[in-house]
Amino acid sequence: MAATKTEQRGSLRESTYAQLKDLILSGQLRPSERLSEVTLAKRFGVSRTPLREALMKLEEEGLVVGQRNFGYTVTDLDVTKFCNLLIVREALDVCAAQLACEMATEEDLDRLRGVIVQMVELKETTNEAPSDAARNLDLGLHIHRVIVESTRNEALVRATDQIYQQLRLALWLEVLWVDLEHTDLDEHRAIADAICARDKEAAAIAARAHVQSSLKNMSKLQRIWAHRRAAE
């Protein structure tokens, strides 16, 4: 009985989380919008407990911001802030790619190749469903995690985690709103191939080019967001 209740609570939390996340990423809940827990609980037909658990998970992903005595708001779409974070990310990613060329074990390289295989499979079967976009982002984040972990540099791992967490909303919107076609796969494959060849110069060039693509996409996001707001 206890196990069943725990499973039901977990299922309710995940369902609430998924619905709320979809509202944010679809633009139905706008950046900087304050979230009423009472209203959302009624909307989803749940109690405040699974709603708060969902909000805490979304805060971990960088999609909402919680403030004491104020509640939660949707993270602001601050393109200038995201661009500044991407500049820092570029330095970290280049460093990680070069160190990985030196430090990665054959097991690390096998993991890297495995992620690329999954990316290719997703591209071949995708039907542009929200779940595909989520999977695409998860794999994109995972490959960078594999790379930075292969450096065996805990300080670099922590710094990279912090930057990627703050970029979460921008990365989500980049996947959902910008037509990436196959550029993200090609860029990730170029980084992986260079690391597997232990070519530090090529790895640095590929890592830098990948982040530069995201910087260009930020201006596209800004235009798309301005158009959406004007259409409201």
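**Exercise 1: Rings and charges**

Count the aromatic pairs, then find which charged side chains sit over a ring.

*Solution.* Step one: the count of aromatic pairs is 0, where rings of Phe, Tyr and Trp (its six-membered ring) pair if their centres lie within 6.5 Å, as stacked with planes under 30 degrees apart, edge-to-face over 60 and tilted for the rest. Before going on, note that this is a predicted model, in which local features need pLDDT of at least 70 and side-chain atom pairs pLDDT 80 or more, while totals for chains, interfaces and linings use all residues. Residues are numbered from 1 along each chain as its sequence is written, and side-chain values use heavy atoms, leaving out hydrogens and water.

Step two: a charge sits over a ring if NZ of Lys or CZ of Arg is within 6 Å of the ring centre and within 35 degrees of the ring normal. R34 lies over the face of F70, 4.1 Å from the ring centre. K57 has its charged end over the ring of Y17, at 4.2 Å from the centre.

**Exercise 2: One face of a helix**

*Solution.* Just after helix 2, G45 has a positive phi of about 70 degrees.

**Exercise 3: A histidine and its partners**

Is H188 buried or exposed, and which side chain does it join in a polar contact?

*Solution.* Start with the location: H188 is in helix 9 (residues 183-196). H188 is buried, at a relative accessible area of 6%. Its side chain makes a polar contact of 3.2 Å with that of H210; such a contact is a pair of N or O atoms within 3.5 Å, where within protein one must be able to donate a hydrogen and the other to accept it, and residues adjacent in sequence count only if both atoms are side-chain atoms. Leaving aside neighbours within four places in sequence, H188 is in contact (heavy atoms within 4.5 Å) with residues including I116, M119 and H144.

Terms used: Helices (H or I, at least four residues) and strands (E, at least two) are DSSP runs, numbered from the N terminus. Buried means under 20% relative accessible area, exposed over 50%, partly exposed in between (1.4 Å probe, protein chains only).
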